[in-house]
Amino acid sequence: MGGGFHLHLHKKKSEKQSIFSEDVLDDLAISSPLRKVPAAQKLVLCIAATVIAVLSPVIYLPLFVLISMIFASLVLAKVPVRIYLSLLTIPLAFGLTGAVVLLFVTGGGETIYDFFTFAGFHIQITDKSLNLAMLVLARTFAGMCSLYFLTVTTPVTSLFKVLRDVHLPQEFIDLTMLIYRYIFVFIGEAIDIHNAQVMRGGYSTFKDWISAFSMLTSMLFIRTWEKGEDIFLSMNSRCYDGVMLLPEEDTQTSVKYAVIIFAYLSLLVVILALEMIL
Amino acid sequence: MHIMEGYLPMEWCIVWFVLSIPFIIVGLWQMKKLIDKDQKVLPLMAVCGAFVFVLSALKIPSVTGSCSHPTGTGLSASFFGPFVTAVLGTIVLIFQALLLAHGGLTTLGANAFSMAIFGPLVAWGVFVALRKAGLGLGLCVGVTAAVANLVTYTVTSFQLALAFPIDGSIVAAFTAFGTIFAVTQIPLAIIEGIICALVAKFIVRVKPEILKSLGIIEDAEIAKIQGEAA
């Protein structure tokens with residue numbers, strides 16, 4: 001077949017054709033049963049739990065945060081287990097890599113297993129490096145699961161209101177809102193362009209891959225720019241004067257959640273204090 | 001190169017936040033001046049931010065068999081300059097944490113410093129210098145993108161080394177982290193450089209007005225690049 005035109009019909013069936021590797025988490029948040037809990041409270045919970053877990057000098061508190069956040073996401077927020085596990089695979093890979101690096105390259109204490117010395121690096125596992133790797137892995141997972149709890153229960157749109165309540169500059173908030181809106185438009189465009197390219201035999205060899213990918217990127221940039229000019233027109237014709245209005249959020253004003261979150265965070269602080277004393 | 005949520009000790013999270021915030025404030029201030037002058041800037045910045053996000057969420061294959069993602073900040077730095085990139089990059093990092101679980105909220109300062117601030121700043125310097133030297137747009141954008149990627153990776157290795165020194169030695173830790181990440185990052189930087197060079201040339205061929213309005217290309221060079229294609 002001439003002209004470098006290849007059809008790839010023999011790919012494995014399980015292989016996904018999408019160029020996006022991740023699920024976008026916002027879909028889960030919109031249908032979450034905890035969506036109506038005020039976003040500020042969930043944000044405080046997420047950040048405070050992460051900070052306390054990171055401050056912990058030993059592994060127990062991060063593990064406790066990890067387990068309680070998984071419980072909250074699966075049982076309280078009713079995220080399907082299969083989706084939750086698939087969400088965890090990406091951070092699992094990154095987190096394990098990070099921990100393995102610490103495990104092998106840091107030292108100190110008694111050597112448990114000595115591998116080899118290569119180009120000045122002493123590759124070994126010591127009791128201190130094992131502890132450090134486990135601690136960092138636990139902290140990372142506690143942080144990730146707290147972040148996931150926030151993202152699967154809170155649509156990004158409710159977080160914009162929090163940004164405004166803490167008085168961030170209006171330009172920053174408007175910019176963030178517009179970026180958020182257009183991310184989904186452009187993801188759609190990118191998928192369309194990618195499909196069209198695959199239909200015409202793009203991405204078959206590495207060289208084709210480079211040229212098709214740069215064409216996709218260029219077209220996406222040109223289309224985004226044109227879209228930007230359209231938005232300017234539509235904003236102007238709706239009398240944009242430097243402030244975008246946010247729709248009122250339908251949240252429950254009950255103090256119940258605030259009390260639960262306060263109690264949980266206090267428990268974490270008590271455990272942290274105990275860990276530091278003992 | 002995102003540092004994950006919870007990976008850095010708290011004192012380093014705070015240090016990198018403190019270092020990043022002044023740049024973001026300057027960026028916001030510059031952006032506000034631009035917006036006051038021309039209201040069109042806001043929607044254009046917004047679509048560019050969304051573009052950087054989408055670009056950074058696209059998969060590109062890397063040699064190790066895994067998938068990697070372009071950073072997009074090099075392209076942004078050459079087109080819009082370092083301070084606007086600092087603001088856009090930080091917003092993109094927030095969305096990456098919230099929507100894709102790349103990076104995190106406590107490590108936002110560190111990630112913003114390496115990816116949205118320091119990398120683009122150095123890359124922009126390189127871009128301006130290369131353009132002054134009279135090199136072609138494609139080559140300049142390509143080198144800039146690769147430099148942004150490599151500087152970001154160096155800064156991240158440095159951040160990790162500061163947080164986790166090996167037997168008290170930051171240099172040893174930096175060499176260790178740097179060597180490990182070099183395996184994926186150096187090929188990635190080269191691929192991103194090639195792609196961004198092709199992207200810049202393609203845009204000049206199809207819609208040179210955009211780049212002209214950003215003030216990074218003149219009519220003579222547009223004609224030259226368009227002539228090459230014909």
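## Buried residues and cysteines

A residue is called buried when its relative accessible area is under 20%, exposed when that area is over 50%, and partly exposed in between, as found with a 1.4 Å probe on protein chains only. By this rule Cys13(B) is buried, with a relative accessible area of 3%, and Cys48(B) is buried as well, at 1% relative accessibility. The structure holds zero disulfides over all chains, where a disulfide is a pair of cysteine sulfur atoms within 2.5 Å.

The structure is a predicted model, in which local features need pLDDT of at least 70 and side-chain atom pairs count only at pLDDT 80 or more, while totals for chains, interfaces and linings use all residues. Residues are numbered from 1 along each chain as its sequence is written, chains are lettered from A and ligands numbered from 1 in the order in which they are written, and side-chain values use heavy atoms, with hydrogens and water left out.

## The fold of chain B

Chain B has nine helices and two strands, and along its sequence they follow the pattern α-α-β-β-α-α-α-α-α-α-α. Helices (H or I, at least four residues) and strands (E, at least two) are DSSP runs, numbered from the N terminus.

Of the 230 residues in chain B, 62% are buried. A contact means heavy atoms within 4.5 Å, and among the contacts in chain B with a separation of 6 or more, 69% come from residues 24 or more positions apart.

## Where the two chains meet

The size of an interface is often given as the accessible area lost when the parts come together. Between chain A and chain B the buried area, which is the accessible area (1.4 Å probe) that two parts lose on being put together, summed over both, is about 6,700 Å², and carbon and sulfur atoms give 84% of it. In chain A, the residues that lose the most area to chain B are Leu175(A), Phe221(A) and Trp225(A), which together give 11% of what that side buries. The contact takes 81 residues from chain A and 72 residues from chain B.

Across this interface the rule finds two salt bridges, a salt bridge being a side-chain nitrogen of Lys or Arg within 4 Å of a carboxyl oxygen of Asp or Glu. One of the salt bridges pairs Glu171(A) with Lys32(B), and their closest N and O atoms are 3.1 Å apart. On the side of chain A that touches chain B, helices H2 (39-55), H4 (81-105), H5 (127-153), H6 (156-165), H7 (170-199) and H8 (206-237) of chain A each supply at least two residues, and H8(A) gives the most, with 23 residues. The residues of that side divide into 54 nonpolar, 18 polar and nine charged; here Ala, Val, Leu, Ile, Met, Phe, Trp, Tyr, Cys and Pro count as nonpolar, Asp, Glu, Lys and Arg as charged, and the others, Gly among them, as polar.

## A network of charged side chains

Side chains of opposite charge can pair when their charged atoms come close. Over all chains, a search of the whole structure finds eight salt bridges. In one of them Glu189(A) pairs with Arg223(A), the closest N and O atoms being 3.1 Å apart; Glu189(A) lies in helix H7 of chain A and Arg223(A) in helix H8 of chain A, 34 residues apart, and the pair links distant parts of the chain. Glu189(A) is buried, at 15% relative accessibility, whereas Arg223(A) is partly exposed, with a relative accessible area of 34%.

Glu189(A) also forms a salt bridge with Lys227(A), with the closest N and O atoms 3.6 Å apart. Lys227(A) lies in helix H8 of chain A and Glu189(A) in helix H7 of chain A, so this pair ties together parts that are 38 residues apart in sequence. At 25% relative accessibility, Lys227(A) is partly exposed. Through shared partners, salt bridges join Glu189(A), Arg223(A) and Lys227(A) into one network.

## Two residues with positive phi

Most residues other than glycine have a negative phi, and most peptide bonds are trans. Lys78(A), although not a glycine, has a positive phi of about 55°; Lys78(A) sits in the loop between helix H3 (60-76) and H4 of chain A and is exposed, with a relative accessible area of 60%. Tyr203(A), although not a glycine, has a positive phi of about 65°; Tyr203(A) is found in the loop between H7 and H8 of chain A, and at 13% relative accessibility Tyr203(A) counts as buried.
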